[in-house]
Amino acid sequence: IAAGHETAQNTLSWTFYLLSQHPEVREKLRAELQSVLAGRAPTVADLPNLPYLEWVINESWRVFPPAWTQGRRSVNAFELDGYTFPADTIVIMSQWVLHNLPDIWGDPQNFRPERWDTEHNPKVPQGAYFPFGMGPRICIGMPLAQMETKLLLATILQQYEPHLVPNFPIVLQPRVTLRPKFGMKMTLVETPKIS
């Protein structure tokens, strides 16, 4: 429960930060929300009709993954990329590193939700994107985190624009989760209604 709470909090913080830095993405998302929801509260049934919202959250998790690294202990010996590892090897996998590889993402330094448009972009290679882990030990809370962050963002962004407080320091604090060290001081500005 604690991990789920912090993951949602960090996702909202980092997504607000990214949207405050990329007003063109924020406006495109607001237009989608207005088109689908017309100012009403979102429901789970609305989520399949909000693809850009999903792309924004996926891209936020790529840039600032909820868990930035994870380890596993191998039960058996295994081979990977020409190297042999004995049983009982501790393997550290870093979402932070893999989510920022130019060979996979092209321009990983850019916050670009459109990269998740599978109709116009190549599919992400298996194992290149795993904000909640992967395989049989993937986080069981992932579906809840996906749903709650979409519903929260869709609700909040219909009424408010997030703006980072000027000169507020953005410092990463990598612990179990990747959190902002000093929090994320934002001003939520009431938005004019889209007509």
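Residues 24 or more positions apart account for 69% of the contacts in the protein with a separation of 6 or more, a contact being heavy atoms within 4.5 Å. The model is predicted: local features need pLDDT of at least 70, side-chain atom pairs count only at pLDDT 80 or more, and totals for chains, interfaces and linings use all residues. Residues are numbered from 1 along each chain as its sequence is written, and side-chain values use heavy atoms, with hydrogens and water left out.

The protein contains six helices and eight strands, where helices (H or I, at least four residues) and strands (E, at least two) are DSSP runs numbered from the N terminus. Their order from the N terminus is α-α-α-β-β-β-β-α-α-α-β-β-β-β. Along the principal axes, the C-alpha atoms fill a box of roughly 60 × 40 × 35 Å. Of the 195 residues, 39% are buried; buried means under 20% relative accessible area, exposed over 50%, and partly exposed in between (1.4 Å probe, protein chains only).

Helix α3 (51-63) is largely enclosed by the rest of the structure, because 11 of its 13 residues are buried. Among them are Trp55, Trp61, Glu59 and Arg62. The end C-alpha atoms of α3 are 18 Å apart, in agreement with the 18 Å that its 13 residues should span at 1.5 Å a residue; the expected span is 1.5 Å times one less than the number of residues.

An α-helix has 3.6 residues a turn, so residues three or four places apart point the same way.

Valine 44 is partly exposed at 47% relative accessible area and lies in the loop between α2 (23-37) and α3.

The loop between α2 and α3 also holds alanine 38, which has a positive phi of about 50° although it is not a glycine. Alanine 38 counts as exposed, at 55% relative accessibility. Aspartate 81, in the loop between β2 (78-80) and β3 (83-85), has a positive phi near 55° and is exposed at 71%. Most residues other than glycine have a negative phi.
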